[in-house]
Amino acid sequence: MDDINAWVWWLIAAAGLGIPLVVTAMPEFGMFSVGAVAGSVTAGLGGGVVLQVVVFVAVSVALLAVVRPIATRHRTQQPQLATGIEALKGKQAVVLERVDGSGGGRIKLAGEIWSARSLDSGQAYEAEQEVVVVDIEGATAIVM
């Protein structure tokens with residue numbers, strides 16, 4: 001074991017920390033792995049054991065402090081561009097055939113004709129009235 005340099009041990013530690021990253025999808029292990037690579041570089045440049053550990057800890061903590069909040073923010077952000085059904089929610093539509101709670105009506109939404117029903121089963125909308133799409137269930141627009 002004495003014939004293996006310290007930088008090799010740091011690379012083995014980096015690979016060892018990379019395995020839980022892949023298995024658990026926890027990015028923190030990746031940050032520790034990068035810290036171990038930094039410790040390996042320090043060892044390769046001739047730094048002592050104390051300096052290697054300090055570099056490992058400093059790089060790991062710096063990555064945790066900087067990268068983790070950014071990654072968390074990106075993970076919880078909603079996409080800015082709504083597509084598909086999400087893009088239709090909140091849009092205005094024109095009633096073509098009487099819309100009520102039973103679902104037998106028709107509306108013109110984004111240039112297409114959709115079946116529709118009212119959100120409130122007691123509310124009805126007559127032809128030519130403007131409504132707002134609240135939700136889409138299958139091929140039926142829920143309007144109010």
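Which residues does serine 118 touch, not counting residues up to four places away in sequence? They are Val99, Asp100, Gly101, Gln123, Tyr125, Ile142 and Val143, where contact means heavy atoms within 4.5 Å.

## About the model

This is a predicted model, in which local features need pLDDT of at least 70, side-chain atom pairs count only at pLDDT 80 or more, and totals for chains, interfaces and linings use all residues. Residues are numbered from 1 along each chain as its sequence is written, and side-chain values use heavy atoms, with hydrogens and water left out.

## Around serine 118

Serine 118 sits in strand S3 (strands are DSSP E runs of at least two residues and helices H or I runs of at least four, numbered from the N terminus). Its relative accessible area is 1%, so serine 118 is buried (under 20% relative accessible area, with a 1.4 Å probe and protein chains only). A polar atom of its side chain lies 2.7 Å from the backbone oxygen of aspartate 120.

## The largest nonpolar core

Of its 14 residues, Ile107, Leu109, Val133 and Val143 touch the most other members. Strands S1 (92-97), S2 (105-109), S3 (112-118), S4 (130-137) and S5 (140-143) each supply at least two residues, and the largest share, three residues, comes from S4.

## A second core

A separate core of five residues includes Trp10, Ala14, Ala36 and Phe56. Both tryptophan 10 and phenylalanine 56 are buried.

Technical notes: A nonpolar core is a set of buried Ala, Val, Leu, Ile, Met, Phe, Trp, Tyr and Cys residues joined through side-chain atoms within 4.5 Å. Buried means under 20% relative accessible area, exposed over 50%, partly exposed in between (1.4 Å probe, protein chains only). A polar contact is a pair of N or O atoms within 3.5 Å; within protein, one must be able to donate a hydrogen and the other to accept it, and residues adjacent in sequence count only if both atoms are side-chain atoms.
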